[in-house]
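This briefing looks at aromatic rings and at the charged side chains placed over them. Please keep the sequence and the structure at hand while reading.

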Amino acid sequence: MGSAEEMHGWTVKMSMPSVLAMVTAFSMIPGGVLSGTQGLEAQQMAQGSTHLHRRLKRGWIWKQFLVLEEASPHFIGKLKSDSDRGEFSIKYILSGEGAGDVFEMDEYSGDIRTLKKLDREEKAFYVLQAQAINRRTNEPEEPESEFIITVQDINDNVPQFQNEPYVSSIPEMCQIGTTVAQVTATDADDPMFGNHAKLIYSILQGEPYFSVEPKTGIIVTSWHDMDREAREQYLVVVQVKDMLGLSGGYSASTTVTVSLTDVNDNGPTFQHHLYAFAVPENAAVGTTVGRIMAGDADVGINARMTYSLEDDLEESSTFIIETDPVTQEGVVVLAKPLDFETKRRFVMAAEAVNDHVDLRFLTLEEFRDRTTLKIVVEDVDEPPVFLAPVYEWKVPENAAVGTVVGSVGARDTDIVNKPIRYSIDRRSEAAKVFRIEPNNGTISVTKALDRETSDWHNLTVEAKEISQNHLSSSVVVFIKVLDINDNVPRLARDYQPYICEGTQSGEVIQLLSAVDPDEPVEGHHFYFSMVPDKSINPNFTIRDNQDNTAGIVARRSTFTRKDRTQYLLPVVVTDSGSPALSSTSTLTVSVCSCHPAGHCPSGGVEALALSMGVSLQTLLGLLVCLVTLTADLSS
């Protein structure tokens, strides 16, 4: 089958595939205006015009040939020059896209054939050129003409989903119509030809919970009150079909994983109405007594809760409860010491409350739950308990041996109330000074005390039960030794006073102070005086400053070394104790030839020389000889 049409020297014959291909050749002139020169040329030829000396050159542009894609190699059309008389004098040449490997033209007949199957998705059209050459002259019979072969689409591609896999999440209990996700598919077929690439979406799996908009692929919820605690995940299978879903088309499917995120639509619930625990009475503060758990079907922040206790009326805050941040358990902890003999059972209410509530789903009261705790205190054989945590006593240092200093006491807090014996830790030095009565805890002195040797004694007293377990405890006893006035006061140091020649009467030549090992409560107060005598000392006197110091005062102004080099001065120091104690010290006052500033340069050596009846130079010479002799003997 075929049709032919002559156009300015070319005859075009086309095969007729299943889809009618209309091909028309137009002559084009510059500017794109369609030209009807064929009619003019024919008219001129019909009139026998002598003005037509040569054939006009024209650029022929052929409309397209249509070739069905995926068709086997076949004849698609024929080009023939008007000059072709069937003598094979014309040679047809095909060039352009696909010439030689996709298309071929018979050089004698002008028949055009495909050489292989064509794929529109690989290349949709081909631009080719055809030319007729005179075999004798090798000159073109016609100008080169260009035409297009278009590959006509068939539905040979399956739709493909993009951006797989699809994963989405929505909050549980969301409203109908909530957007879940959008799936998108593409089809490589020609979207402009028929319905080959027109897609439509539908749900294969996931109804009645989800639906899909047929044209857009948007998936929405279609079921109310989807509960995560009942079902957390859905697999929605969406199908896409081309050809608008008509029969004969292709289809593909994809799976959308939809997860429900949690909202706080559940409150805490205790698994038991009563929790019972036991704890020994000697448990340390901070001991974990037990754990309780309120279940919450929610997760994450929606399942967080805080526990609290309400103590019974008889006791307050003996226990506390803390929330374990990892397990969300309520940890019951001992907050105060227990005593089985005082209280043996605790009953209290425990409450769990969600930290974050959402009143869209539940009332405020539904976000809390209560249970009862019963805690039993277990009896433990405990060591004796002293009546005081520490003992501190005072005893005078002159206390006689056997004097009772004080008594310690301990008791067995258990119901049996076992007898107790007392003892002093023998590893301490104080155990040699004091003893304790084993049966009643009375401590007495066994050795004379001296505050100036040791003013504090520390004892460790042990109380032990007379029982099979021999449980014991200890306490520290501090004994302070009180001072009594049993030490005489003395001058603070070995004074060596001197008086300068020319000292005026009334001048202080030495300041005195005193010390006393005793430690009176009111503090020390010393009195300085001279030894009572029948006659008044004409040389010196003692002036008490009333501040625990005194000064030696010169009573005359005529002291010279020639007259006398030394004076003896007895000084009496008396304390303020009861009874008062005193001591007498005799000071040697030397007469010195002092510097103008009042300093004795020889530090008393000169006075020593005078007292020996020799000069200072002689005394220094004797000392040098003695040092030299000592050095010779040692060498």
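Why does Tyr567 count as buried? In this predicted model, Tyr567 has 5% relative accessibility, and it counts as buried because the cut-off for that class is under 20%.

**Phe540 and Phe559**
- Phe540 and Phe559 form a stacked aromatic pair, with 5.3 Å from centre to centre and 20° between the planes.
- This pair links distant parts of the chain, since Phe540 belongs to strand 44 (residues 540–544), while Phe559, 19 residues apart from it, is in the loop between strand 45 (549–554) and strand 46 (566–574).
- Both Phe540 and Phe559 are buried, and Phe540 counts as buried because its relative accessibility is 1%.

**Phe540 and Tyr567**
- Phe540 also forms an aromatic pair with Tyr567, which is edge-to-face, at 5.7 Å centre to centre and with 75° between the planes.
- Here too the pair links distant parts of the chain, with Phe540 in strand 44 and Tyr567 in strand 46, 27 residues apart.

**A cluster of rings**
- Tyr209, Phe210, Trp223 and Tyr234 are linked into a cluster by ring pairs.

**Charges over rings**
- Lys123 has its charged end over the ring of Tyr126, at 5.4 Å from the centre of that ring.
- Lys343 lies over the face of Phe346, 5.1 Å from the ring centre.

Methods:
Residues are numbered from 1 along each chain as its sequence is written. This is a predicted model: local features need pLDDT of at least 70, side-chain atom pairs count only at pLDDT 80 or more; totals for chains, interfaces and linings use all residues. Side-chain values use heavy atoms; hydrogens and water are left out. Rings of Phe, Tyr and Trp (its six-membered ring) pair if their centres lie within 6.5 Å; planes under 30 degrees apart count as stacked, over 60 as edge-to-face and the rest as tilted. Helices (H or I, at least four residues) and strands (E, at least two) are DSSP runs, numbered from the N terminus. Buried means under 20% relative accessible area, exposed over 50%, partly exposed in between (1.4 Å probe, protein chains only). A charge sits over a ring if NZ of Lys or CZ of Arg is within 6 Å of the ring centre and within 35 degrees of the ring normal.
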